Amino acid sequence: MPVSRALNSRSTLLLVQGPPGSGKSIALRQHARKLLNECLSASDEHVKFTRRRPLAIYVNLRRFDPKVISAATLESYIKAEANSYNAAELAEYLRSSDFQADITNGKIVFVLDGFDEIPEIVGSTTIDSVVDPYVRAIESFIGGSQSSCIVASREYKGPRVPGWRSVQLIGLSHSQQLAYLRRRGVSPQLISELKPLLTDQRMDLAKELRFPLALALLYRHMHKSPELPSRVGVLYESYISESISSTLRDDGSGEQLRETLERMAFNLTMSREPGLAVDPATFVASAAVHSHDTSHPLAWPNLLSAALRSRMLFEVRNATGNELLRFGHRRVQEYFATQYVLKHPSSVDIHELATSPQWRETAVTLFQVGEEDQVNALDREIASGLAEEEERLTSTFGDFEWTGHSVHLLELATAALGSGRIVPSRELQTSVDRLTRTAWQCGTLGDKKFALDCLPVESENMQLDDIESAFSGNSGWLRSAALRECGSIRPLPGELESLIRRLIVTLLLHGRGRRDVDAIDAGLVGLDEGEDWIRLRKAVFRLPRLVIAICLTMALLAAVDSGEPFAYHTLRAVLIFYFAMPIAFFWMFVASTPISFRSEPSALRRFLSRVFSRYGMAYMDDADSSEACLYILSFIFVSVYAFNAVMITIDIIRGEYRDILVLALGGVLYTYAWAWGLACVHGFRFSWPILYSILRYATAPWSFVWMSVRTLTEIGARFLIVTFIRSFVTGAFYLTLFYGTFYVLRTYAGWIGQEIASWLSISLTLVLPVLLCAALVREFLSRRRVKKLFEQSRFNDVQGFLVGLARLRDSVEVSDYLRLWRTQKTAIVKRFDRRVIRCLSMLAAGVDDDTAFELAMGNAPQSVALAFSNGLLSREIIRSWGNETLDELGKLDELARAR
């Protein structure tokens, strides 16, 4: 989804996240400017303050440093920042009741940039305890009004609020990158030379160049130098050198300014005082330390003036009106601080660099721009820390839990090494493999999810094992996470491509694709040849509509050909045999393995499984249950073609050539109605490179028919004959029973029998709509029951949470209940004893394993043990929970894990 469309969604609270340089601030400023222009264009000279479009108020939070964090202090800060030039008319509006009325009536959009640059958050080492008060202040400020608020932040040290709508900036596509370069006037020849940098994900630059900042730096670099950059550090170095050299003479003063800026950035990172801006005295101190003995050394006022002219520094004012200095972009500040650490290795101990959250961004940048020996030293330190964590983490089911230290080290390694330029050392990969393998064997769903987040620093074999485990499991949450992490594997192995295709079909089957299409596309676009995967996803998701259109066409032609298109018996037969059955068979085939992944069976699937098991076909339970569909298809096709051949022969003998064309055309349409959608799904599974060509689309059903008939001939004559006789006898019995009953009633029971037969026929025709209506009513009552139970919770604590959970028996209701707690009572869930959620996850995962269940009960906290002893919870209740419930428990576990 384009960023502009996501920002126009009018969600009450919208969180925009992205890595450094991804264009968050640019997107927010452009959106605010667009809203202001629309507001001006919609205004009228006679109705000055009447607005049809909301008013945008853009504020950067980097100077928000209140003594008391509250909605009132946030409102005061927004008013001060919005009117930084003290315009009289604007000041009057902000003080008036009209401003409060506009907030209440939804006529204002607050655009809050730089959440992660709030001074207290920048210097924090315990993230959630510092971030949450600011989140509550924003919610209290917006709460109860119809206005909306857009918040931008990096993911690290950003808010974790499931109740907010979240937008993740995934970068520019390859076509968007090329369009940007063309707009800047880059020649086609130079663009062709740059393509390897943009597309080869194994190079350092490819991942960074998906974002606007690095792409703009690449343009500046190529404008001055014809040499292609080898890594992202070259772009920053080129930009800084050009900016400084254009301001100062080549007499040593440029190096003096550079070292001053490096020292200043280092002091900002090392400082225990919060914030990204400093007073000029800090710049003076940095300049004094690094003054050079040259013939024309610069005094600090001239040096400061040069820093401002080069746009390395900017002057800002804090809330009290004092002048401060800040870097033009936080990414530039991090680059300067890293350069200082590289030049002065003794300034920060390598152990502190790897383990302290204060130096996390510096460590990440060091991996990207440092020399090989410096990178290797930090790599060894992380590997050593993870090896110590291996000894602390237990490998017993129910006892495993990620520690805060291991989480920090793994997140640092993933952020630094995920670009692919630096390959993790064997020691680091071995430690990561052991930890993630233990998490998969002994951890909860939340532990496995974090193991998937570490995929970029695992060995290749472990990556494939983890992705296959996630895709083939029953957790949709893990599948989505694994799809997102597949972008770190370049190029994709053929086996992994097949798994991703099956996942796309599975998402279509479960209906999640329509709801989560943006999240799916975000994962697919990050893959190798991501735009092709997007086209594949769109083609798969259009299949059901195309199949329905083909079946409707076939049903319409069959009804017209019958001569009595509006007769009841004609409509019934046509809708059943030419519409309902082909569509049902399409969904049956899509739901079979290995076309899609196994999941929790619905009532319909359980019924179909019992029906197919009567014929020796373990439908949807066998490792290759799509073969069962092929058996049935081959019977249908052979029967239809044989019947048509017999009828055509009879017509030729009679000389009735008109019916020959009808029979031939009917056979073709019948084939397309039954086999076209199945052929496309089967083609996605086996990866047709030429799938998008019209010719392959048109001939796909005939290839599929030939494959199904060939499958029928390969299963053996004896099996074929026995299965055919069994199916024929069973089908004949039920048809005889069904039609015989109607024949007896109509023929021998008089007018009463005819009435009964008519009512039975009408009832059977209406049974499907009635069942659908009943299902809709049950769904409505279920959602209403869950919401009512959630709202009536008397206690916002673990006990109230467990009491409500124990009253629900349906797995869908349990999942909805957990989702409400996660999204609407986020702050309360974060205060929960995390052991309660982890224990529930382990009990649900091991409910069918006596040993695992007893281990989980042995480690149960007092509140869970008390719920079992009081009869609130039982093994039977937990057994009724489905896979979606496990996913929600895993998300709760992740939310409750303190950062």
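Biologist: Leaving aside its neighbours within four places in sequence, which residues is W359 in contact with?
Modeller: Contact here means heavy atoms within 4.5 Å. Skip the neighbours within four places in sequence, and W359 is in contact with F266, T269, M270, V341, V348, E352 and L353.

Biologist: What kind of model is this?
Modeller: Residues are numbered from 1 along each chain as its sequence is written, and side-chain values use heavy atoms, with hydrogens and water left out. Local features need pLDDT of at least 70, side-chain atom pairs count only at pLDDT 80 or more, and totals for chains, interfaces and linings use all residues, since this is a predicted model.

Biologist: Does W359 count as buried or exposed?
Modeller: Buried means under 20% relative accessible area, exposed over 50%, and partly exposed in between (1.4 Å probe, protein chains only). W359 is in the loop between α17 (350–355) and α18 (360–369). Its relative accessibility is 2%, so W359 counts as buried.

Biologist: How many helices and strands does the protein chain have?
Modeller: Both are DSSP runs numbered from the N terminus: helices are H or I with at least four residues, strands are E with at least two. Of the 899 residues in the chain, 49% are buried. The secondary structure comes to 43 helices and 8 strands.

Biologist: Which residues touch the most other members of the largest nonpolar core?
Modeller: A nonpolar core is a set of buried Ala, Val, Leu, Ile, Met, Phe, Trp, Tyr and Cys residues joined through side-chain atoms within 4.5 Å. The largest one holds 180 residues. The members touching the most others are I382, W402, F471, I500, F801 and W881.

Biologist: Which residues is I500 in contact with, leaving aside its neighbours within four places in sequence?
Modeller: One of its partners is C486, which counts as buried because its relative accessibility is 0%.

Biologist: How many disulfides does the structure hold?
Modeller: A disulfide is a pair of cysteine sulfur atoms within 2.5 Å. C149 is a buried residue, at 1% relative accessibility. The number of disulfides in the structure is 0.

Biologist: Which parts does the aromatic pair of F64 and Y134 tie together?
Modeller: Rings of Phe, Tyr and Trp (its six-membered ring) pair if their centres lie within 6.5 Å; planes under 30 degrees apart are stacked, over 60 edge-to-face, and the rest tilted. F64 and Y134 are edge-to-face, 5.9 Å centre to centre with 75° between the planes, and both residues are buried. The pair ties together parts 70 residues apart in sequence, because F64 and Y134 lie, respectively, in the loop between β2 (55–60) and α3 (71–82) and in helix α7 (residues 127–142).

Biologist: At what distance from the ring centre does K825 lie over the face of F790?
Modeller: A charge sits over a ring if NZ of Lys or CZ of Arg is within 6 Å of the ring centre and within 35 degrees of the ring normal. F790 belongs to one aromatic cluster with F801, Y817, W821 and F832. K825 lies over the face of F790, and its distance from the ring centre is 4.6 Å.
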